[in-house]
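Here are a few exercises to work through with the model open in your viewer. Try each one before you read its solution.

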Protein chains: 2
Amino acid sequence: FSLRGESANHQPTVQPLHLLTVFPCSCHVLQESLLSSASGYSNYRGILNWCVVMLVLSNARLFLENIIKYGILVDPIQVVSLFLKDPYSWPAACLIIGMGLSFYFSFCFPGTISETTGLIFHIFNLTCLLVIPAATILVMTSMTPVGGVLSLGVYSVLFLKLYSYKDANRWCREIRQAKAKRLSRSYSCKCMNTHSGATHVSYPGNLTHRDMYYFVFAPTLCYQLNFPRSPRIRKRFLMRRLFEMLFFTQLLVGLIQQWMVPTIQNSMKPFQVPNHLIWLFFFYWFFHSSMNFVAELMQFGDREFYRDWWNSETVTYFWANWNIPVHKWCLRHFYKPMLRTGINKFLAQTAVFLVSAFFHEYLVSVPLKMFRLWAFMGMMAQVPLAWFVGRFLNGNYGNAAVWMSLIIGQPVAVLMYVHDYYVIHYGSNT
Amino acid sequence: FSLRGESANHQPTVQPLHLLTVFPCSCHVLQESLLSSASGYSNYRGILNWCVVMLVLSNARLFLENIIKYGILVDPIQVVSLFLKDPYSWPAACLIIGMGLSFYFSFCFPGTISETTGLIFHIFNLTCLLVIPAATILVMTSMTPVGGVLSLGVYSVLFLKLYSYKDANRWCREIRQAKAKRLSRSYSCKCMNTHSGATHVSYPGNLTHRDMYYFVFAPTLCYQLNFPRSPRIRKRFLMRRLFEMLFFTQLLVGLIQQWMVPTIQNSMKPFQVPNHLIWLFFFYWFFHSSMNFVAELMQFGDREFYRDWWNSETVTYFWANWNIPVHKWCLRHFYKPMLRTGINKFLAQTAVFLVSAFFHEYLVSVPLKMFRLWAFMGMMAQVPLAWFVGRFLNGNYGNAAVWMSLIIGQPVAVLMYVHDYYVIHYGSNT
């Protein structure tokens with residue numbers, strides 16, 4: 001007589017029910033521990049909460065002391081003053097944004113000017129967006145690196161947005177022409193699925209100031225007609241994101257002032273861990289708090305600003321998932337159009353990395369006024385690194401390798417610039 | 001004319017295929033960010049890997065220095081010597097294990113002695129298992145607290161194991177009697193589903209020395225006939241667990257020696273974070289590395305030594321999932337039998353907490369020779385705490401509350417004892 005089959009996880013045997021419930025003789029099942037990779041288990045939300053609780057607890061005293069010493073709103077005001085201190089970059093930025101938009105706006109109306117004339121205007125406009133701020137920063141001696149990075153960042157974002165705006169509108173025109181040629185049967189189905197009661201707009205009805213400014217401020221780089229909209233502004237969600245924004249701004253400025261700057265000035269030790277933490281906080285602050293805050297305010301529905309890059313087992317997966325707005329833009333306006341012209345996949349990928357490397361270098365070298373190519377090389381080094389990790393490591397080992405490259409690789413690149421910058425500007429100190 | 005329906009995530013509209021692929025006009029979908037709790041996303045395996053990488057990196061230098069200074073195998077040897085230094089506890093433990101088992105063994109054979117005589121022997125035997133070591137420790141002045149905790153721990157485990165062994169065998173006897181009475185039709189189905197080719201044993205064929213010693217050393221507290229067995233010993237798995245065991249032993253001893261002891265001796269500051277980290281490492285060392293190591297060696301198939309307590313959103317969930325061997329024992333041999341006698345659920349739960357509180361107190365007070373009831377009260381305080389967290393907090397807030405109670409509550413209880421211990425023994429120093 002056997003008691004084997006009584007466990008719920010085994011095949012049931014014919015036994016009277018009351019004996020099974022009264023005598024649970026068998027209570028073990030063949031299974032793996034959750035933390036063993038063989039179990040395939042992956043729900044570690046609690047670990048993330050643990051990190052947050054530990055962070056808050058271990059910083060609570062520091063914050064309390066800081067608040068008692070300096071008052072509460074010192075650092076946010078300091079951040080605001082970073083913008084206002086740059087009279088040369090900020091007015092210039094406003095000027096060109098206005099100029100760029102009005103220029104652009106004029107040739108979006110179909111029929112007013114020809115496609116070719118429009119293209120020439122467009123290329124001229126985009127070139128200006130990249131060249132003028134860079135030239136301004138290089139010429140002006142009063143520009144700080146922080147102000148430079150911020151204004152160049154704004155220009156780069158605008159550049160990508162206008163590129164996408166032009167492309168999407170051109171596609172609309174081409175579809176309209178195709179429609180006109182074929183005297184469409186199938187096109188006549190006007191799908192009026194409106195989101196959250198907003199009226200549905202079709203080309204060229206989208207070419208309004210209102211629509212364009214919505215796109216300029218929306219947290220995305222890819223233009224489309226009728227963005228998906230969230231049904232309402234959730235006030236508690238908005239308040240939480242606002243609190244996080246202020247908290248992390250304070251934390252980031254505090255960390256940089258109290259932790260990194262002295263380390264660099266004193267002894268040029270490698271400072272991997274603080275730098276990595278600052279990058280993590282920056283990620284959360286920018287991609288979760290700030291972008292969700294803006295999106296909630298504008299009822300912008302698509303909140304996929306990042307995917308689960310923390311689980312990346314390959315370098316490629318990391319680059320494709322940590323910054324979705326840029327990744328989406330690259331895919332839609334650069335990678336896929338290239339594939340359509342017949343270029344092969346590997347070449348197209350390398351080209352995307354090249355463009356990305358160019359922008360990294362542009363955003364770092366111009367404000368620092370040092371052309372060292374470290375950022376460019378760091379970005380291009382991702383191609384062989386991706387090959388190596390993909391070839392030799394997988395699973396949790398691959399994930400650990402991606403983390404290591406973030407924890408060690410990125411700060412080394414930053415250190416190169418910071419080192420050179422300090423040697424040039426405070427050469428006598430070191 | 002509308003471009004709306006082109007995104008893959010929207011309802012498809014009737015449009016020619018090539019236009020859809022060539023012009024991806026619509027590329028946004030209504031969705032939440034992954035880190036928002038509304039997204040329901042929970043795969044954070046990468047965060048766990050990040051914690052491990054950060055731990056290794058930030059300790060690497062410390063370890064290297066330690067190894068250069070003291071050599072590699074200093075600490076493991078020190079741990080072994082903890083056992084050998086206790087001549088009064090260790091031989092006694094061996095003696096009583098032998099005694100307990102042989103005693104027990106004799107009355108397991110059905111028919112040799114009556115059920116009542118067996119029960120008296122059993123109760124006498126179990127009482128001895130709890131009283132004799134406690135008395136030994138209290139009487140012997142040469143006993144260290146560490147040695148005391150270890151030997152009491154071994155006895156408590158043996159107590160729970162023998163209790164389960166007797167219960168499970170009694171159930172087998174009762175089923176056999178029921179079978180004999182009813183002249184079974186349904187019982188005749190002998191399910192011979194053997195695991196990994198091992199022969200299937202049925203009562204009283206299980207009453208052998210070999211079977212009993214397997215149970216005594218197996219990483220479980222609940223006896224059953226025919227434990228599920230893993231098909232083979234995986235050498236790489238075994239080596240990894242062995243490495244982890246050695247690594248964490250070194251880490252734990254190092255942390256306690258270099259971090260906690262000075263903190264307590266110097267200034268009695270609250271030492272939440274180190275204590276909490278030590279508990280976390282202890283958890284991994286004991287429940288993952290050590291128990292899996294033993295299980296792998298013994299081809300013991302059921303590796304569920306813990307469940308996902310890190311995601312606990314209530315205190316009850318935490319206590320039911322962090323220590324599965326004890327939880328399983330309580331459920332099978334204490335809670336469910338009580339329910340069967342008609343006691344209500346809340347009373348039974350409180351009784352389980354009472355027994356647990358008794359064992360916590362027993363394991364702490366006796367080796368320290370201080371009867372302060374802090375551990376007992378700490379354990380009983382879980383009942384109102386569980387009610388509070390379950391009533392007012394849920395989701396990630398509940399999880400954060402559980403973490404806070406672990407990070408703050410547990411070290412406070414430990415601190416109480418340590419403080420009193422130091423005041424008694426090194427009163428002049430503080």
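**Exercise 1.** In which helix of chain B is the place of Leu48(B)? Then decide whether Leu48(B) is buried or exposed.

*Solution.* Start with the helix: Leu48(B) sits in H2, residues 45–70 of chain B. Keep in mind that this is a predicted model. Next, take the relative accessible area, which is 15% for Leu48(B). Buried means under 20%, so Leu48(B) is buried. Finally, look at its contacts: leaving out residues up to four places away in sequence, Leu48(B) touches Leu35(A), Tyr44(A) and Ile47(A).

**Exercise 2.** Work out what the salt bridge between Arg234(B) and Glu32(A) joins.

*Solution.* First, the distance: the closest N and O atoms of Arg234(B) and Glu32(A) are 3.1 Å apart. Now place the two ends. Arg234(B) is in the loop between helices H7 (209–217) and H8 (235–267) of chain B, and Glu32(A) is in the loop between helices H1 (17–22) and H2 (45–70) of chain A, so the pair joins two chains. As for cover, Arg234(B) is partly exposed at 22%, and Glu32(A) is partly exposed at 26%.

**Exercise 3.** Find the salt bridge of Arg372(B) and say what it ties together.

*Solution.* The partner is Asp420(B), at 2.8 Å from N to O. Arg372(B) lies in the loop between helices H12 (345–368) and H13 (374–380) of chain B, while Asp420(B) is in helix H15 (residues 395–425) of chain B, so the pair ties together parts 48 residues apart in sequence. Arg372(B) is partly exposed at 33%, whereas Asp420(B) is buried at 16%.

Terms used: Residues numbered from 1 in each chain as written. Chains lettered and ligands numbered in written order. Predicted model: local features only at pLDDT ≥ 70, side-chain atom pairs only at ≥ 80, totals over all residues. Heavy atoms only, no water. Helix = DSSP H or I, 4+ residues; strand = E, 2+ residues; numbered from the N terminus. Buried < 20%, exposed > 50% of the residue type's maximum accessible area, 1.4 Å probe, protein only. Contact = heavy atoms within 4.5 Å. Salt bridge = Lys/Arg side-chain N within 4 Å of Asp/Glu carboxyl O.
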